[in-house]
Amino acid sequence: MTKIAAFADLHLGAHYAPGSDWVKAELSQRNPDVVVFAGDLFDRHTALAEHEQEGAALFRWITQERQLPVVMIWGNHDVAKGFAFHNRFPAIDGVYRPESFEVESIEVPGVPVVFHAVNVQKKRDKRELIDDFPAAHEPGHVGVFHTGLTGEYTKNNCLPASLDDLSAKGYDAWVLGHIHAPKTLREEPYIGWPGVGRMVDLEV
Ligand SMILES: [Mn+2]
């Protein structure tokens, strides 16, 4: 059993964002094997240089202080701010994310789970990528995806897909980003948006 602490849409810099102290407080109450973050670390409207430093410091705290690996993707806000390009965010040992803008399968040393994940590529990314996620035929697969799915929860959809598309992959969980109101779309196996200010505990 692998324990995952999952969150998304931290939106550092936004007035409604709970901030990195919230993440630290949540993780201090948990002992996961791996942390998953599903995109939008920064808010494209309001994040300043100090928030960039806060984001990097948070990921260093998780990986160095807590000694936990992180699997993360870039969301549309991060990309609009210029992260995901030019190595603007520092390389941090123990932080794993796709290196390209295609779906990649990520393995974390010591964690018997394969994470299938993709970075958003541009501010309004309407690519249909679900066919690029490999189907799983055995346990141990988790999807990490910054998507508004079929768009009913957002005016600005991102990387569209359907819930049925996700379900059909046979993964043990899908951690989604982009929608801020927490929403569990399927209980078991979990498919959902942790949302702003909520950390989700998964066992896969
Ligand atoms: Mn987003």
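In the predicted model, His146 and His178 are both buried.

An open sheet is built from five strands in the order E4-E3-E2-E1-E11, and its pairing is mixed. Strand E4 (95-96) and strand E11 (200-203) stand at the edges with a single partner strand each, so one side of each has no neighbour in the sheet. The partner of E11 is strand E1 (residues 3-7); the two strands run antiparallel and are joined by four bridges. Within this pair, Ile4 stands opposite Leu202 of E11.

Helix H2 (residues 49-65) lies across strand E2 (34-37), strand E3 (70-72) and E4, and runs at about 145° to E3. H2 also packs with helix H1 (residues 19-28), at an angle of about 15° and with the two axes 10 Å apart. Angles under 35 degrees count as roughly parallel, and H1 and H2 are therefore described as roughly parallel to each other. The crossing of H1 past H2 is right-handed. On the H1 side, the residues in contact are Gly19, Ser20, Val23, Lys24, Leu27 and Ser28, which meet Glu54, Leu58, Trp61 and Ile62 of H2.

A further pair of strands forms a hairpin. Strand E5 (residues 104-108) and strand E6 (residues 111-117) run antiparallel and are joined by five bridges. Two residues separate E5 from E6 in this hairpin, and Gly110 in the turn has a positive phi of about 85°. In a regular strand, side chains alternate between the two faces of the sheet. Strand E5 has a covered face, comprising Glu104, Ile106 and Val108, and an uncovered face, comprising Ser105 and Glu107. Glu107, on the uncovered face, has Val114 of E6 as its bridge partner.

Conventions: Residues are numbered from 1 along each chain as its sequence is written. This is a predicted model: local features need pLDDT of at least 70, side-chain atom pairs count only at pLDDT 80 or more; totals for chains, interfaces and linings use all residues. Side-chain values use heavy atoms; hydrogens and water are left out. Buried means under 20% relative accessible area, exposed over 50%, partly exposed in between (1.4 Å probe, protein chains only). Two strands pair if DSSP finds at least two bridges between them. Axes are lines fitted to C-alpha atoms, for helices over the stretch in contact, and angles run from 0 to 180 degrees between N-to-C directions. Angles under 35 degrees count as roughly parallel, over 145 as roughly antiparallel, 65 to 115 as roughly perpendicular and the rest as oblique. A crossing is left-handed if the near helix is turned anticlockwise from the far one by less than a right angle, and right-handed if clockwise. Contact means heavy atoms within 4.5 Å.
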